Amino acid sequence: MQNIHDEISRIGKQLMLSEPFYGVFLSTLNKTIGNDVPTAGVCKQGINYKLVVNEEFWNSLSTDKKKIGLLKHELLHICFHHLVERESYPDHALHNIAADVEINQYLTPDYYPTPEILLPSSFPELKLPLKAGAREYYRLLQKALDEGSSPHLQNLMDCLREEGQGLHPTWKEFDELSDAEKKLVEAQLKHQIKQVLESSKDMGFIPSELKSYIDELLEETPPSYDWKSYFRRFFGSSSKVYTKKTRRKYNKRFPSNQIGRAHV
């Protein structure tokens with residue numbers, strides 16, 4: 001059997017041909033094999049992200065498209081900032097569901113890693129809008145829980161809470177980050193995405209789902225300087241110089257005591 005790292009590399013090359021941005025982005029991530037995730041997941045490595053793949057689950061996927069879908073699923077979580085933004089959601093298990101509902105819409109059915117993939121259609125009684133974003137899905141799902149209008153959602157939440165880890169157990173690593181560390185992680189991600197765009201600009205188009213974020217990222221804001229404040233500080237601290245003529249010889253030993261020195 002082919003080494004799993006070689007297999008992931010082979011699948012990554014296929015992704016690079018079909019969707020260059022995600023293929024190049026995948027190549028920038030460190031990858032490890034571990035049993036601490038049921039399928040695949042993303043965890044923290046310093047100020048970078050690291051991809052973890054469960055070997056048994058990987059080998060159970062029957063087609064290359066399903067393997068591509070699994071990897072793209074994790075890449076979308078990173079690009080949509082789900083890991084660092086989860087602190088703003090009180091119920092992390094519910095946020096896991098909302099985040100999956102958001103990104104899985106950017107996979108086509110033949111790329112679904114499993115039939116149980118979460119989509120707006122997974123909760124037909126709620127009539128969730130398409131591509132509404134994780135924040136809106138979280139709000140609507142929380143409302144459904146409060147009103148008891150979705151037994152399927154309630155059962156799913158009960159299972160996740162019983163297991164005590166949610167759909168993405170590795171995300172808890174990001175809960176312990178300080179604000180400064182989160183800013184570093186975000187800055188590193190922006191730098192990484194810019195490098196990916198530079199590497200893939202001749203290979204394909206920017207993914208439509210990331211266009212608004214990337215446009216904002218690449219927008220060049222002209223440098224600005226508050227000249228009024230600068231001049232106020234400059235003139236407010238400037239010295240006034242008074243001079244007075246004298247016949248006395250200039251004293252080289254004590255220049256600061258000369259008549260005509262500056263007075264603040």
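1. Lys127 is exposed, with 73% relative accessible area; exposed means over 50%, buried under 20%, and partly exposed in between, for a 1.4 Å probe and protein chains only. Lys127 sits in the loop that runs between α6 (92–103) and α7 (134–147). Its phi is positive, near 50 degrees, in a residue other than glycine. Helices (H or I, at least four residues) and strands (E, at least two) are DSSP runs, numbered from the N terminus.

2. The model is predicted: local features need pLDDT of at least 70, side-chain atom pairs count only at pLDDT 80 or more, and totals for chains, interfaces and linings use all residues. Residues are numbered from 1 along each chain as its sequence is written, and side-chain values use heavy atoms, with hydrogens and water left out.

3. His81 also has a positive phi, about 60 degrees, although His81 is not a glycine. The residue belongs to the loop between α4 (64–79) and α5 (82–85). Is His81 buried or exposed? With a relative accessibility of 9%, His81 counts as buried.

4. Strands of a sheet pair through backbone hydrogen bonds, either parallel or antiparallel. In this model, β1 and β3 run parallel and are joined by four bridges. β2 and β3 (residues 48–53) pair in the antiparallel sense, over six bridges. Lys50 of β3 is the bridge partner of Asn30, and Lys50 is also the bridge partner of Cys43. Further along β3, Val52 is the bridge partner of Gly41, and Val53 that of Ala40.

5. A hairpin is formed by β2 and β3, with two residues between them. Gly46, in the turn, has a positive phi of about 65 degrees. How many of the six residues of β3 are buried? Five of them are, and β3 is mostly covered.

6. The model has five aromatic pairs. Rings of Phe, Tyr and Trp (its six-membered ring) pair if their centres lie within 6.5 Å; planes under 30 degrees apart count as stacked, over 60 as edge-to-face and the rest as tilted. One of the pairs is Phe21 with Tyr22, which is edge-to-face, with 5.4 Å centre to centre and 85 degrees between the planes. Phe21 is buried at 2% relative accessibility, and Tyr22 is buried at 0%.

7. Why is the pair of Phe21 and Phe25 stacked? The ring centres of Phe21 and Phe25 are 6.2 Å apart and the planes are at 5 degrees, so the pair counts as stacked. Because Phe21 and Phe25 are four residues apart in helix α2 (residues 20–27), about one helical turn separates them. Phe25 is buried, with a relative accessible area of 0%. Phe21, Tyr22 and Phe25 form one aromatic cluster.

8. The largest pocket holds about 550 Å³ of space. It is lined by 23 residues, and the closest to its centre are Thr39, Asp100, Thr114, Glu116 and Leu167. On a 1 Å grid over the protein atoms alone, a pocket is an open set of points where a 1.4 Å probe fits, with protein on both sides within 12 Å along at least five of seven lines; lining residues have an atom within 4 Å of a point. Grid points are joined across faces, edges and corners, and a volume is the space filled by probe spheres set on the points.

9. Which elements give two or more residues to the lining of the largest pocket? They are α4 and α8 (151–163). The largest share of this lining, five residues, comes from α8.

Terms used. Pairing = 2+ DSSP bridges.
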